Amino acid sequence: FGTDAFVPATFFNSTFVKCTTPPRSVGPTRVFLVANALERSYPKIFTFLPGAPKITFIKPRVGTMYGGTIITLHGSGFLNKTTNCKFEVETVKATYISPNIVLCKTPPMNVTKEVTIWLSRNNVDYFKTNYTFVYTMPPILRKVYPQFGIEGVNVSVTISGENFESYFVTNTRVSGRRRIPFWATSEQVIFSMQPRGTQEDISFTSNNNEFSRKQIFPVKKRPVWRATSHTGSMYGATKYFINANGLLNNTVTTCQFATSSGARIFVQAQYINSTTLVCLTPQDMTRFDTTHGATIDADTLITADAINYHQSGNFTLRSNPFLEGVFPLTTPAPRSSYINITGVELSKGSQLWCRFGDKDVAPRVATDTLVQCVLPAEKAGTSLPIFLTNNGEYYFTGSYYTFQAEIKLNRLVPTFGTPDGGTSVTIMGQNFVDSPELHCIF
């Protein structure tokens, strides 16, 4: 090497020998092969380079165990020469981009593991970098939930699958708009979005840019929700109806009831049809507000396929009526007759009704202890159960009313008698019935 640095050569055959370079100054030098003290070959040029290349960072640092991930090495001291990368013991050819950038494609690895990256500028001398590369299983995308969104309504989108950790979470875009996940594990990535237009294009790209998937996310118009506001029992089980358009049978829906004490109770809604849902009010609301007749907010949180809606209304809690008696029950009466229901907590409210069978009748008189309701018209001989409600739930009085035909008087025999009384009068007519309360009135 040069004119004064002699090193031993190892002979392999007539066309191949090997020498190890001696220490020399940086720069080109001539290399001779000397067979004896008198015979010297024509020289070739060998260049001594200034130290090892410096690596400042590598991207990405993780990829599939099946290989093929393009990694970029940033640093200095790269040459536009034969350059190789080595991953543990596997060597691949590098692509020179500039004195500061080279690219390497990862070779396959039969196991998931972390390996050290080596770099060579001559395919002989390998320099160990301070960086490693992690081989992982490739990500598997199982499901995106929900399958659609509502225009203008914030929704949390969950991507479910496997092998997401350290691999799959940094580049989620919605129609080109980047979204940063607020939750990421090896099996889930969750981000929020506010859908626009009629559809969004959701793209998922791994953080090494080697895995990508695009999915169409339909966007529907926001439905119009309307929740009923009425009264109900403090002890629960009142049906609370919610009306909207385009409800789905698989909709996951809850109703939220917020009391004046700050308690919030959630109950599951039941699907009735495409326009109606119903929730039963929570049981024993007196645990949270024991004031009879107190008004609380019935905040209804409607969750349809992970999309939240909000509908507020006032829900009046009333105690259940305590029923004591009903009279009359079988007295013949014309259509204008009425019955009396006695008890406690029969206070007047927007939901105060008498019910005969399935017919609701508004009260004629209503106090905390007495409710009078006019009898509906029915055929003679009809017997109907009597109910009362003051909170939306109907309570059976335990009594039945039997409708009788109107009493008709045809004649009296005799038609006169002494003013001292004692005359036996026979009354003849139609629709007479036997009753403990059967009396004649003079």
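This is a predicted model: local features need pLDDT of at least 70, side-chain atom pairs count only at pLDDT 80 or more; totals for chains, interfaces and linings use all residues.
1. Strands here are DSSP runs of E with at least two residues, numbered from the N terminus, and two strands pair if DSSP finds at least two bridges between them.

2. Strand β40 (residues 383–389) is joined to β41 by 5 bridges, and the two run antiparallel. Leucine 384 stands opposite tyrosine 401 in β41.

3. Tyrosine 401 also belongs to an aromatic pair: its ring centre is 4.9 Å from that of phenylalanine 403 and the planes are at 70°, so the pair is edge-to-face. Rings of Phe, Tyr and Trp (its six-membered ring) pair if their centres lie within 6.5 Å; planes under 30 degrees apart count as stacked, over 60 as edge-to-face and the rest as tilted. Both tyrosine 401 and phenylalanine 403 are buried (under 20% relative accessible area, 1.4 Å probe, protein chains only).

4. Phe87, Phe133 and Tyr135 form one aromatic cluster. Within it, phenylalanine 133 and tyrosine 135 are edge-to-face, at 5.1 Å centre to centre and 80° between the planes. The relative accessible area is 0% for phenylalanine 133 and 1% for tyrosine 135.

5. On conventions, residues are numbered from 1 along each chain as its sequence is written, and side-chain values use heavy atoms, without hydrogens and water. Local features need pLDDT of at least 70 and side-chain atom pairs 80 or more, whereas totals for chains, interfaces and linings use all residues.

Key:
Helices (H or I, at least four residues) and strands (E, at least two) are DSSP runs, numbered from the N terminus. Buried means under 20% relative accessible area, exposed over 50%, partly exposed in between (1.4 Å probe, protein chains only).
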